[in-house]
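Subject: Structure for your review

Dear colleague,

Please find the structure below, together with its sequence. My notes on helix packing and sheet arrangement follow it.

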Amino acid sequence: MDHDTILQGKYPAKRHARRVVEYIRSKVPKATGVLYLESRMTKLLEDNDEPEPFRQRRFFYYLTGCPLADSYVVHDIESSKTTLFIPPTDPETVIWSGLPVSPEEAMQKYDVDEVKYTSDANATLAHLGSRQKSTVFAIPNHVSEHITFLSFDDKNFSILKEAIEVCRVVKDEFELAMIAKANTISAKAHHAVLETVRHAKNERELEATFLATCVSAGAPKQAYHGIFAGGRAAATLHYVDNNASLAGKQNLLLDAGCEWDCYASDITRTFPINGKFTKESQAIYNIVLKMQLDCIAALKEGVLWDDVHLLAHKVAIAGLLELGILKGDKDEILEARTSVAFFPHGLGHYLGMDTHDTGGNPNYSDKDPLFRYLRVRGTLPAGSVITVEPGIYFCRFIIEPFLQDPKHAGFIDRVVLDKYWDVGGVRIEDNVVVTKDGHENLTTAVKDLEEMESIISS
């Protein structure tokens, strides 16, 4: 079944609520009461009567599939009943914005049992809290001042956020279909940039091409601020300017992906601006591609992400030794962590409603520089979606300290290195589902070297 067919159904909010309750009861045995969550509230821009750009609160969306602002949800643990509260009709706003979603329409759209107005929330909570030994589970700072939990015997603000974050790691079929849909649209946008890059004068033109393709396909929201980095700017991992001239530059690193109904894609490709890789760029591209393909091949349920990241460094070291950028013994280079000069970030991260999704348990205080910036630590469960995004970068700010450090300097050939600064950086990133026996790659954007060159040149 393709993802468009799956997406004809409702977002499985009640299934998510049951999973969250199961997790809570694994920590709080025989927990009873209700789960309470709020959407993001409408907020006006400072010194302006226009609302700030709206981004739905992910915890609320996970239990509702509802994109509306100024809304609440209550899930009754005992009856498994989910009640959604939406804003009532305000005649003053109808003049400007039209009629809002009605309770009847909301019942048709969302996987809930009942829809009421937000004005009914406190009365409903008072009734549910009057039961003996009833607990309300909520998230700190996610409760409006006018909402009251006075009728509940216990108020638990410690477990609900954790429960949802853990449950979000393993995706169901519907969630995977949404990520696949976002990938399909983003792949088209990446292809559109390949078709126009040879004639573009500035990075901003390529960003405009990407955004136009996403918007026309019904995905106006981006999962993150895209990176359109020409030449040496590609060595900046989170380059944000996207406004420099492309004249005289070798490659473009394009890291961009849209959202589909709050679910993200995150895709990176690197390709020659004029349609033909230089010898040095092609050599680095082939190393990074091997890093990625070998790492994807290693994925399956239960694999330790640290080990996959370590594999990427081993492939990088072997490739850089073959080019002569590194010299010496490969095991000694790995032990010294010299490869971090060229591959300083983690191999990837969980992907879902957030680009850097929940549940990764990173350890940024790790004293080992090889693993410090890994956003995921531990084993990968089946049903998780992880990005595999190795890279090799030639950033003077990062590499120069290694060249000044006797521990590393002997492993780097400065003369050979000087040939590669204009490569900037190469990163290749796909979104991969971990399965029981292997993996499924959701990313269809072109990454074959010859095929990319052909599209650009044509």
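In this structure, helix α8 passes helix α9 in a right-handed crossing. Please bear in mind throughout that this is a predicted model. The two helices, α8 and α9 (the latter spanning residues 203-216), pack with their axes 8 Å apart and at an angle of about 145 degrees. On the α8 side the contact is made by Ile 185, Ser 186, Lys 188, Ala 189, His 190, Ala 192, Val 193 and Thr 196, and these meet Leu 206, Thr 209, Phe 210, Thr 213 and Cys 214 in α9. Sorted by class, the contact of α8 with α9 contains seven nonpolar, five polar and one charged residues.

Helix α8, which covers residues 173-196, also packs against helix α16 (residues 449-457), and there the axes lie 6 Å apart at an angle of about 60 degrees. That angle makes α8 oblique to α16, and the crossing of this pair is right-handed. The residues that meet are His 191, Leu 194 and Glu 195 from α8 and Met 452, Ile 455 and Ile 456 from α16. Four nonpolar residues, one polar and one charged make up the contact of α8 with α16.

Turning to the sheets, six strands form an open sheet with mixed pairing, and their order is β4-β3-β2-β1-β5-β6. Its edge strands, each pairing on one side only, are β4 (114-117) and β6 (154-156). From one strand to the next, the twist averages 20 degrees. At the β6 end, strand β5 (residues 135-137) runs parallel to β6 and is joined to β6 by three bridges; within this pairing, Val 136 has Lys 155 of β6 as its bridge partner.

Helix α6 (residues 121-129) lies across β1, β2, β3 and β4, and runs at about 20 degrees to β2.

Helix α2 has a helical partner as well: the axes of α2 and helix α7 (residues 160-167) come within 9 Å and cross at roughly 125 degrees. The two helices are therefore oblique to each other, and the crossing of α2 and α7 is right-handed. From α2, the residues in contact are Arg 19, Val 20, Tyr 23, Ile 24 and Lys 27, while α7 contributes Leu 160, Glu 162, Ala 163, Ile 164, Val 166 and Cys 167. Divided by class, the contact of α2 with α7 holds eight nonpolar, no polar and three charged residues.

For the annotation of this part of the chain, an unreviewed UniProt entry places the feature "domain: Aminopeptidase P N-terminal" at residues 11-145.

Strand β15 (residues 430-434) runs antiparallel to β16, the two being joined by three bridges, and the bridge partner of Val 432 in β16 is Asn 441.

With kind regards

How values were computed:
Residues numbered from 1 in each chain as written. Predicted model: local features only at pLDDT ≥ 70, side-chain atom pairs only at ≥ 80, totals over all residues. Heavy atoms only, no water. Axes fitted to C-alpha atoms, helices over the stretch in contact; angles between N-to-C directions. Helix = DSSP H or I, 4+ residues; strand = E, 2+ residues; numbered from the N terminus. Parallel < 35°, antiparallel > 145°, perpendicular 65-115°, else oblique. Left-handed = near helix turned anticlockwise from the far one by under 90°. Contact = heavy atoms within 4.5 Å. Nonpolar A, V, L, I, M, F, W, Y, C, P; charged D, E, K, R; others polar. UniProt positions renumbered as here; feature names shortened; annotations may be inferred. Pairing = 2+ DSSP bridges.
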